[in-house]
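Biologist: Please bring up the model. I have some questions to work through with you.

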Amino acid sequence: MKVIIAEKPSVGREIAKVFGATNKKDGYIEGKGYTFTWAFGHLLQLAAPQEYGFYGWNVQNLPMLPQKFKLAIRKVKTKDGLVDDPGVKKQLNIIKTLFDEATEIIVATDAGREGELIFRYIYYYLKCKKPFKRLWISSQTDAAIKDGFRNLKPGADYDSLFNSAHCRSQSDWLVGMNATQALSLSAGTRSVLSLGRVQTPTLAMICARYIEHKNFVPQNFYQVVIQPDKDGQAFKAVSVTNFKTKEEAEAVLQLVEPTCTIENVEAKPRKEPPPLLHDLSSLQQEANKRKGFTADQTLTLLQNLYENKLVTYPRTGSRYIGDDVFAGVPQLIAGFTEHVEFGKQAIILTSAKLNKRSVNAKKVTDHHAILPTGEKPNHLTDDQQAIYDMVAGRMLEAFHADCIKEITKITILSGTKFLASGTVIQTAGWRAVFNDKDEEKKDEENATLPAVKPGEILPVTAKDILEKQTKPKPLYNEASLLKALETAGKEIDDDELRQAMKDSGLGTPATRAAIIETLLKRDYIAREKKNLVPTSTGLSVYNVVKDQRISQAELTGAWEKRLEEIRSGASVSAFQEEIKVYTRAITQELLQAGKGMALK
DNA sequence: GCAAGGTC
């Protein structure tokens, strides 16, 4: 019997379906001489410190450097503390029974570093010795699965990938556990002051932005505004020059004449392509902007829709689909012609040529962009419906035509030079789906401008001075923080480190919401209206670590670079030794630094 | 009491 193991039930069932296996059992499916089973993500984790004899939180134990790491069943919090997750334990037993009967295992966990780790941790924990082969596919359509099974790889081909994954896991444990205990113990607080490769740079970003925002000194500046009139249609034009003082602006205001002369008219059409399909992060950002949902709420709602088979896999980092999935899009769109809000646009799209901007198989990673499945939803809560509509609406937008705008700029002379600008949407294209108002318009932006010609002279019907202030960068909110985590590392000076991080950023789509929740739980940050601001505890921790590597995105860049080298065959022990050295150093440093912390 | 990673 061959056993196929997937990362999660949805994939296991999908593969079983392709094989035509239908005999559903508890935790697996049988048929056609195969058995299909699955994990629930990571079933196993590196064991807690006490499993290596490091009892309590004690300076004597630091740094904790286990000789050999152990694996433990994933834990769940109960009133009696942490216990083995019963669902995980059960599934692990099912997998063990199946592996014991197997002649061969086929590894069908997600095609990536963590997918490899999920399987290997199970395999080694169960002390399994059966031969295994690897299914390596980047799309879960029938054709891709069949093709993948015709091209199964030897399991050992992915040993180096496992090595890099194992190093990632151990390194996070070593640095995170030791740094956390070192700081908590030296600060002498009863509470946990956690630190980690991802959470600490995230905290640092929030704190740095907050401090910059608070210390920002706004500068006043002044502009002169006039209102020319063309046959009864008045519009606004603003001085090209900004003035530092009100006096300068007033002097120029005096120069404005009763009439003005049109100097130049420039009208340019601009094509605005539709947005890409949603990945998890972009959807979390949009839901935060539109509905004020937190990243965590959006993920929960989306997971719920996914479990009800209404949307495709949610924790994706890709905003593209392959041609195979695209083939099913017209039918999906046709399913929305009755939709209250955007049925009309769905009807338009059924007879239009679809925009293929979001279609690119090369940019599909483990999972493709989020789409509705075509199943009809019923009895959704308002919040679920809102998220579902964002997924469906985005699909309609993404395959819609460009929005065509005309951008007009008129330069005008009257004592000084003025500029009037206006934007007119000529063809709404994808913008018709949600019909949202444009991003906040400046007061002096004109909706439409009258037709004028160079040389034309118009009366000036009003003039005034605008008093303005330079603005600081806004505080982070969940949407802008998620974006910043995604793009973290883009500004690293070192070319190689920047390159190593370019496709990842900080954290992963699946973990970013949890990282924000951790910072909230530690009382490092708080929600203030829609913003995320540091607490006094958060600022104190930031002050201790801000100049250390653990608070910089570069640390992830450096690790990613070394992990990639390991994946292509470099020495594992050399990196492990570096991590030990670093762990010793940061532990020592924090044992000292925490003493000076000013905590209430 | 602690990391980051995956998922129900």
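Biologist: How many residues of domain 2 are in contact with domain 1?
Modeller: Contact means heavy atoms within 4.5 Å. On the domain 1 side 20 residues take part, and on the domain 2 side the number is 24.

Biologist: What kind of model is this, and how are its parts numbered?
Modeller: It is a predicted model: local features need pLDDT of at least 70 and side-chain atom pairs pLDDT 80 or more, while totals for chains, interfaces and linings use all residues, and side-chain values use heavy atoms, without hydrogens and water. Chains are lettered from A and ligands numbered from 1 in the order written, and residues are numbered along each chain as its sequence is written, from 1.

Biologist: How much area is buried between domain 1 and domain 2?
Modeller: Buried area is the accessible area (1.4 Å probe) that two parts lose on being put together, summed over both. Carbon and sulfur atoms give 70% of it here. The total is about 1,900 Å².

Biologist: Which residues of domain 1 lose the most area to domain 2?
Modeller: Three residues together give 35% of what the domain 1 side buries. They are Trp 57, Leu 65 and Arg 113.

Biologist: Is Thr 587 buried or exposed?
Modeller: Thr 587 sits in helix H19 (residues 572-593); helices (H or I, at least four residues) and strands (E, at least two) are DSSP runs, numbered from the N terminus. It touches Leu 62, Pro 63, Asn 178 and Ala 182, leaving out residues up to four places away in sequence. Buried means under 20% relative accessible area, exposed over 50%, partly exposed in between (1.4 Å probe, protein chains only). Its relative accessible area is 0%, so Thr 587 is buried.

Biologist: What kind of peptide bond joins Leu 62 and Pro 63?
Modeller: Pro 63 is in the loop between E5 and strand E6 (71-73). Omega of the bond is about -10°. The bond is cis.

Biologist: Which side chain has an N or O atom 3.0 Å from a phosphate oxygen of DNA strand B?
Modeller: A polar contact is a pair of N or O atoms within 3.5 Å; within protein, one must be able to donate a hydrogen and the other to accept it, and residues adjacent in sequence count only if both atoms are side-chain atoms. For the phosphate oxygen, the side chain belongs to Gln 303.

Biologist: Is Lys 529 buried or exposed?
Modeller: Lys 529 lies in the loop between strand E19 (525-528) and strand E20 (531-534). Its phi is near 50°, a positive value in a residue other than glycine. At 83% relative accessibility, Lys 529 counts as exposed.
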